[in-house]
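I am opening a notebook on this structure. The entries below record what I looked up, in the order I took it.

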Amino acid sequence: MSIVRDYLAAIQAESYDEAYALLTDESATLAGSAEQFAEASSSGLVRPDEAAGFLGEEGALSVGAGPAPDTVLVTAVRDRVADAWLVRSADGSVGIDDAGVPPTGASPYEWINPASGAEDVGDVVSIDRAAPAAILFRTPDEADGPGLVGSPEQLTAYAGTVEVPVSPAASENERRWDIALDSASPSFETEALTVVWEVAPGSGQWRTSTTPVFLDPAS
């Protein structure tokens with residue numbers, strides 16, 4: 001958890017070079033240069049005010065086992081905002097996977113329950129408890145260069161830091177994953193719902209997407 005605290009503190013101080021240095025090599029490759037990382041941070045990766053909120057008195061950080069050996073998942077929640085980071089140990093060093101958003105074009109994936117949209121900066125909406133939580137990946141028609149997201153054939157889901165069942169529902173041009181929250185029922189309090197996947201099997205390039213999950217107080 002300490003490396004995530006250092007990462008958030010660096011972003012809070014807008015010391016993006018320091019934050020960039022805490023990334024895994026694979027995430028740094030996906031993020032681009034330190035300058036590109038700083039631009040992504042200021043426009044939607046983790047904003048300084050969000051970092052300050054996660055570290056503040058109203059923020060809550062939690063840690064649990066990750067999807068692969070030598071990995072842990074760290075989640076952060078404040079009010080109706082949530083995020084998560086995969087922390088990995090490799091070759092004697094520890095780093096954070098936080099690749100950022102694709103720099104151009106529409107996102108190839110989005111949360112559809114809760115209907116918070118693409119990436120981690122979508123609308124804040126309550127979850128529909130009559131349906132499973134779900135995220136949808138679309139296969140791009142054309143792609144220039146290496147993919148930043150992939151179309152995962154394996155996905156691990158977490159309610160907070162507790163792994164929950166996830167199952168695929170594939171079609172020709174999109175891949176939907178349904179996430180069962182029966183064992184971790186949503187409440188009126190905000191919880192991080194996170195999915196973790198490897199961009200390509202064996203690539204070492206891991207991605208996460210997190211959405212805040214909560215029930216509508218009026219329901």
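**Trp85 and the cores**

I began with Trp85, which touches Val4, Tyr7, Leu8, Val46, Phe54, Val72, Leu73, Val74, Ala76, Ile96, Asp97 and Asp98, leaving out residues up to four places away in sequence. Contact here means heavy atoms within 4.5 Å. I note that this is a predicted model, in which local features need pLDDT of at least 70, side-chain atom pairs count only at pLDDT 80 or more, and totals for chains, interfaces and linings use all residues. Residues are numbered from 1 along each chain as its sequence is written, and side-chain values use heavy atoms, with hydrogens and water left out.

I then looked up the largest nonpolar core, which has 24 residues; Val4, Tyr7, Leu8, Phe37 and Trp85 touch the most other members. Such a core is a set of buried Ala, Val, Leu, Ile, Met, Phe, Trp, Tyr and Cys residues joined through side-chain atoms within 4.5 Å. Buried means under 20% relative accessible area, exposed over 50%, and partly exposed in between (1.4 Å probe, protein chains only). At least two residues of this core come from each of α1 (2-12), α2 (16-20), α3 (25-31), α4 (34-43), α5 (48-55), β2 (71-78) and β3 (81-90). Helices (H or I, at least four residues) and strands (E, at least two) are DSSP runs, numbered from the N terminus. I found the largest share, six residues, in α1. A second, separate core has 19 residues, including Ala157, Ala159, Leu181 and Leu215.

**α1 against α5**

I checked how α1 and α5 pack: the angle is about 135 degrees, and the axes are 8 Å apart. Axes are lines fitted to C-alpha atoms, for helices over the stretch in contact, and angles run from 0 to 180 degrees between N-to-C directions. On the α1 side the contact is made by Arg5, Leu8, Ala9, Ile11 and Gln12, and on the α5 side by Pro48, Ala51, Ala52, Phe54 and Leu55.

I also listed the buried residues of α5, which are Pro48, Glu50, Ala51, Gly53 and Phe54. These pack against α1, α2, β1 (60-65), β2 and β3.

**Thr156**

Is Thr156 buried or exposed? I find Thr156 buried, with a relative accessible area of 16%. Thr156 lies in strand β8 (residues 156-159). Setting aside neighbours within four places in sequence, Thr156 is in contact with Pro67, Glu163, Thr194, Val195 and Val196.

**Whole chain**
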